[in-house]
Amino acid sequence: MKLTVKDLNSFYGPAHILFDIALEVGEGEVVALLGRNGAGKSTTFRSIVGLVENRSGRVMFEGRDVSELPTHAIVRGGLGYVPEERRIFTDLTVEENLEVGRQPKRAGAPQWDREKLFKLFPNLGEMRGRPGGRMSGGEQQMLTIARTLMGNPSLVLLDEPSEGLSPKIVEQMVDAILAMKKEGVSIVVSEQNLHFARLISDRAYIIERGRICFGGTMAELDARPDIRDAHLSL
Amino acid sequence: MAFYVVQFLTGLASAASLFLVASGLSIIFGVTRIVNFAHGAFYMLGAYVAFTLTERFSGAFGFWGGIVVAALVVAAIGVLVEMVLLRRIYHSPELFQLLATFGLTLMVEDLVVLIWGPDDLVGRRAPGFKGAIDFFGQNIPSYDLFLIVLGPVVLGVLWLLFQRTRWGVLVRAATQDRDMVAALGVNQKWLFTSVFALGVFLAALGGALQIPRDAVNHAMDLRVIVEVFVVVVIGGLGSIIGAFVAAVLVSELNAFGILIFPKISIILVFLVMAVVLIVRPWGLFGKPEAPARRTPGLTVNPWRPLTTNERLAAIAVLVVAAALPFVGGNYLLTVGSEIAIFVIFAVSLHFLMSVGGLASFGHAAYFGLGAYGVALLAKMAGLPMIACLLLGPLLGLLGAAVFGFFAVQLSGVYFAMLTLAFAQIVWSIAFQWVSVTGGDNGILGVWPEKWAASPSHFYWLSLGVAALAVVILRIIVFSPFGFALRATRDSPLRSEAVGINGKRIQWTAFVIAGTVAGLAGALFAYLKGSVFPDNMGISLSVDALVMVLLGGVETVSGAVVGAIVYKALNIWLVSQTDLSKLVLGGFVVLIVVAFPKGIVGTLEAFMHRRRKSSSSASSPLLTSRIESAE
């Protein structure tokens, strides 16, 4: 397994947010983490990369226990994280944003550099010197993904990449994610949009109120409309 | 004409050092969000170490090498400080960060005297820049010309560093979003340490470069830090260009101000700063910050008025205290009076700081103004004591009304810097305006009238006023005004949304606190029979902060306990050691790191835990520690 999460519990202050989360991601797989707003998707990702201080449980990445490591060490080990709110550096140019994400090459992980990323996201290549603050939402979303790929990760946690994007940009996003998969990057993508998830994912988990309540292939999920309706539809 | 040109060039030369120190402060703040109050101490250390090195090694190489090595040595000390102290408090509330770095300043001041002695040291001239250049009959030291060139060169180097290197890009990214930088695999710890090292290096270099111009002494840290605060407030904290422009502006104002107001040249700088604050509160080149992150508390015990039993207990304590003259001698009574006066002072600061959420680093200004008010009324107008005691504090009120108006336009670290700068301005006026204030000699012979002259009578007077002040401030805390003040403290936006005029409420609180502090100062003048500029000095402001902290920032009346314990310890300590600043500074750092809740806060937490274990019904939400600011 690429990534194994076991018994993950997280707290914000006295509030218990995640309950015994368990996830598995195989080599080169794209796995969707589905759930409504506030179900715990972002907290799950933040806990995996060590951004939630108060947590317990085990996170195994490429056979190594990373649950006790600080965030930067987890990420340097090849576990990339793309946050939900984009969080690009608005004062920095596109190229400088990418520079912040750059990490040394890693054996056994797909390699990325600026030119390769500009091929994947042609829009970005046309605005290398533009400050991040003066880009559209879709361009910013591309930039956050490209920035994380600069770290040559072997697995990426993608938090709601389609959120707030126009249908046309969502299409580009699907292409980009499939291209990443083709390069050999394993991906966990959190989504509320089942349609989007179906286009890219091999398997899916459903999270509700901090608990995983379903795990299986997309076909298995389609065979259970009851679960889909109970936990996903509005 | 030539004279003015020379004056202008002198101003530019002074700007160089100021810019180095201010840019260092700005860089450190940008990434770590800590306003390093110890920055002046690093500047001073740079000068002292450079003095030693340049005396030791001769020749041009010895001099210039000594300057650079001194800055590097001090930067290494800075790294040590960052790793040992600052790393522990990056997540603490702002106030604690300011206090810890301030405690460090106090320690350095005593250490410097211990190592280099108390006398001014005159360093040697810079090789190659010993002479002066004749400019239409006026002399310009060639070293000044060197400094004038150096300023823009350093600005350029810093610009290249931040724009053209990976490190610079990371620093700029971290200035905007530290956590995201970590989430991209960058080790923040070392980024912070390296930034701190660079900032300290710049400060120390600024100090080292001053030795051919100025004598090295152990008060230069506070002098420069006040100017630097003024510079970053004008230029905008976090902006290097802003630091440069404002350093030039402030230096020129000083250079020409001395021609216009020879006695109180600092007034001119103050006026410019006031104008900038009104027009652009975030400084000329700064960016308006999003509403500051609320510093989370250590505990969230809701405040409540005293119960009947607690009131009776407080009265009983007061009665016991009032019985002191029947058992204690005159010395004990004088100490008792002083403690009572400092209770008044401490509760006034506590009111501003804990209730108002405005941590003033210059509260002694209003204490001192009250003392000077009394002294001037008694000596010049010859008013009777009662009239003096009633009217003297009005000078504190006036000062608080003027300075408070500007100070409450800002919050958080800006507020702290500004109040400190104001206090230094008031101090330098008292120090420089010899014809009115007597300067360093102070005003002597302010003695109480016969009815209050005996130690026991004066003690009862002080105790009575102290009790009154505590009661009145507590009543205000639980009045509608107090609620509005606390609402503004906890959420400026929400309180604004329910129709509270936050700035006015805070200004009023500032004036109340200043007036009460003035009352304490008025009594203090009569207790000592004299007033001196030190009655409004920085160390007195810090004393008050420590009293509040020691008692417990987040309690309603911890300051009372803090003042009593601290003042008693302090009086004893001063009689035991010459290194009181070293001990005091160490004490401050210790409280911040190990004991942030203070005496009363710790007691309350203890009682609460006991009560909770006996009745498990109480809500865990109210007692748990808040872990993160976001």
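Me: What makes helix 9 of chain B largely enclosed by the rest of the structure?

Reply: Burial: 15 of its 16 residues are buried, so helix 9 of chain B is largely enclosed. A residue is buried if 20 or more other C-beta atoms lie within 10 Å of its own, exposed if 12 or fewer, and partly exposed in between, with C-beta atoms placed from the backbone. Bear in mind that this is a predicted model, where local features need pLDDT of at least 70 and side-chain atom pairs count only at pLDDT 80 or more, while totals for chains, interfaces and linings use all residues. Residues are numbered from 1 along each chain as its sequence is written, and chains are lettered from A and ligands numbered from 1 in the order in which they are written.

Me: How do you know that the length of helix 9 of chain B agrees with what it should span?

Reply: The expected span is 1.5 Å times one less than the number of residues. For the 16 residues 220-235 that gives 22 Å, and the end C-alpha atoms are 22 Å apart, which agrees. Helices here are DSSP runs of H or I with at least four residues, strands are E runs of at least two, and both are numbered from the N terminus.

Me: Why is L158(B) called buried?

Reply: L158(B) has 22 other C-beta atoms within 10 Å, so it counts as buried. It lies in helix 5 (residues 142-164) of chain B. Beyond residues up to four places away in sequence, L158(B) touches S23(B) and I240(B); contact calls for C-beta atoms, placed from the backbone, within 7 Å. L158(B) and I240(B) are 82 residues apart in sequence and 8.3 Å apart in space, C-alpha to C-alpha.

Me: Why are helix 15 and helix 18 of chain B called roughly parallel?

Reply: Their axes cross at roughly 30° and come within 9 Å. Angles under 35 degrees count as roughly parallel, over 145 as roughly antiparallel, 65 to 115 as roughly perpendicular and the rest as oblique, so helix 15 and helix 18 of chain B are roughly parallel. The axes are lines fitted to C-alpha atoms, for helices over the stretch in contact, with angles from 0 to 180 degrees between N-to-C directions. Residues making the contact include G368(B) and Y372(B) of helix 15 of chain B, and F422(B) and V426(B) of helix 18 of chain B.

Me: How do you know that strand 1 and strand 2 of chain B pair?

Reply: Pairing needs at least two bridges found by DSSP; strand 1 (residues 132-135) and strand 2 (residues 138-141) of chain B have 4, in the antiparallel sense. I133(B) stands opposite I140(B). The two strands form a hairpin with 2 residues between them, and F136(B) in the turn has a positive phi of about 45°.

Me: What makes strand 2 and strand 5 of chain A edge strands?

Reply: Look at the open sheet of 4 strands, in the order 2-1-4-5 (chain A), with antiparallel pairing. Strand 2 (15-25) and strand 5 (64-65) each have a single partner strand, so one side of each is left without a neighbour in the sheet. Strand 1 (residues 3-12) of chain A pairs with strand 2 of chain A over 7 bridges, and F11(A) stands opposite H16(A).

Conventions:
Contact = placed C-beta atoms within 7 Å.
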